Amino acid sequence: MMNLQDLEKQVIRMEDIQEIENLQRRYGYYFDTRNFQAVVDLFSDSADFADLESFGLFRGKEGIRRLYWDDIGRGSRPRDPSESWISTVVIQIGGVVNLDPSGVAAKGRWQTWLAETFLYGGVPRQYWVHGYYENEYVKERGKWFFKKLFWNVTFFTMFETGWLTQPLVGLLPMANPDGPPTAFYPYPSGYKFPYHYNHPITGE
Amino acid sequence: MNLEELEKRVTLMEDIQEIENLQRVYAYYFDLQRWEDIIDLFSDNAESVEIVDHGLFLGKEGIKKMYWDWIGKGIRSANQPWIQFIITQIGGVMDFSPDGKTAWGRWQTWLCEAKPFGAFPKQEWLHGYYENKYVKENGKWFFSKLHWNNTFCSPFEDGWLKTPLMGLMNYHPTVKPDAPPTAFHPYPSGYHFPYHYKHPITET
Amino acid sequence: MATLEELQARITRLEDIKQIEKLQRIYGYYLDYFEFQKVVDLFSDNAESVEIADYGVYKGKQGVKRFYLELLGGKPPRIGELSIGMIMQGVVDVDPNGKTAKGRWYCMMIEAKPTISLHEGELRQLWGNGIYENEYVKEEGKWLFKKVFFFLNFRTPYEDGWLKVPVVGQHGPSKEVPPDEPSTYYHPYPSGFHLQPHYKHPITGK
């Protein structure tokens, strides 16, 4: 039978997994409500990068602020009420979270399903989007933060067409990344976004 | 730390798991159209239930009216076979009161429905958020307050951009709410369903 | 106040639930990429069966291998073939012995698949939905699949929707890789049949 200290470690591990799941879900909810300052505040000050879709690679906390606040959130410009139709619903599904033995680092793979609406080519459109995350998290001052956010898009299609007919509506590069996207190979490329984990049974 | 503190933390982890289960079990009963079983998931001191724009229903009596009379149409057996509810529960974020007896949870839902609207059978995509309240009574968790906020209810054929809301559902010939809906502002209003929680990092 | 032993049992149960959730999600991710050997390796050597939609029951570890490797994996995926399963809403119950467990899950499918049979015909884009009622077993400290049972609700063309065209694609068992037994329970939409949960009501116990 284990002692109090070991038991405490077990409890902490469980709490860590729960908190990371919560962090990921809260990210999703803040994104949906377009609270991009809140999103940026979920990242560590020593965050590595964010690489989403075909936006490009954004490095460091400064890059993350540039991506979410300036680019996606369009800075401090208040939203015109007539733009309220522009929306995202990003649903976070199926997290596989693995804690590093150090207890202060973790990795997670998630699936996302999105229903989005925004202008493309000057025309308001509705989209279905699917993607996987392979994220990294870090524990600082007792709280969990995002260290690395890597969102790999499978397809980005219009509601009217579907992924087989039109897997990608087009490219969405941002004007000011630190580098090109590192792994943007949408369907039907057959690209498999690598897992951070080994097979749980065979260990391979 | 000592055994007593550790027990508190284990209990909290168990509470989270139990509430997640409660929420998911609710949803499966909804889809199975087992309305009595849903009512039994609510505390006898339940506060209220609010779903789409049906209105605000107070107390355990209100809960019975909502699920048994309105949604369940007061019948014991299931609806006609083609009527389908699939309300998938995703991404729960839970927070607890210091005494561990009350909890709040935000969830996302994605729905595939088939039900009559007027004279016609319709198939719809829906999205919504929950902000629910749970209470612990005699060691078990119950629903105290359920609030489902509908983002869109769109016919399968159209999509949320074209037809965000199939129609209003705020009238029933015999079942009367206790008050009008408190927060029915579907897409594309731009309404953000408020969080029960503060930002985990900045605490604003 | 609980003893150390009791607390340990309680935390182990919570960890078991998290492990099973993880196992189920990893299963889903391997299936997304057609990595069938990896899926088979998630099953216990004493696995009971796998039964999906109306393909029939494949028994034992042998049946599991035949199902995933020969039936589903019999031909490599075609260019443009897509089969994403978003697995969610898990309700996992660990038996008091701590060695077996059951789980109910929803699966929302996003597919581009042939519809004459599992491998024949032109690709069509499909929405799918179904319920897993699975069983798990703990062996040497690790959780593995004991039984996978997938109840298909609908598999509809993107252009039509579940109301208009509830199920397309392979109907019934394969002749090339036949099952060990016919399917036990196949009532897709709009049959009105509901796959009941493995668990009892958490409050009334019924």
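Predicted model: local features only at pLDDT ≥ 70, side-chain atom pairs only at ≥ 80, totals over all residues.
Me: How many helices and strands does chain A have?
Reply: Happy to start there. From the N terminus on, the elements of chain A run α-α-β-β-α-β-β-β-β. In total that comes to 3 helices and 6 strands.

Me: What radius of gyration does chain A have, and what would a compact globule with 204 residues have?
Reply: For orientation, the C-alpha atoms of chain A fill a box of roughly 65 × 40 × 30 Å along the principal axes. A compact globule with 204 residues would have a radius of gyration near 17 Å, so the value for chain A agrees with that: 18 Å.

Me: What percentage of the residues in chain A are buried?
Reply: A residue counts as buried if 20 or more other C-beta atoms lie within 10 Å of its own. Of the 204 residues in chain A, the buried ones make up 45%.

Me: Which element supplies the largest share of the side of chain C that touches chain A?
Reply: Good one to look at on screen. The contact involves 33 residues of chain C and 28 residues of chain A. On the chain C side, α1 (4–32), β3 (82–94), β4 (100–114), β5 (123–139) and β6 (142–157) each supply at least two residues. The largest share, 14 residues, comes from α1(C).

Me: How many nonpolar residues are on the side of chain C that touches chain A?
Reply: Let's sort that side by class. It has 4 polar and 9 charged residues, and the nonpolar ones number 20.

Note on methods. Residues numbered from 1 in each chain as written. Chains lettered and ligands numbered in written order. Contact = placed C-beta atoms within 7 Å. Helix = DSSP H or I, 4+ residues; strand = E, 2+ residues; numbered from the N terminus. Nonpolar A, V, L, I, M, F, W, Y, C, P; charged D, E, K, R; others polar. Rg over C-alpha atoms; globule rule 2.2 N^0.38 Å. Buried ≥ 20, exposed ≤ 12 C-beta atoms within 10 Å, placed from the backbone.
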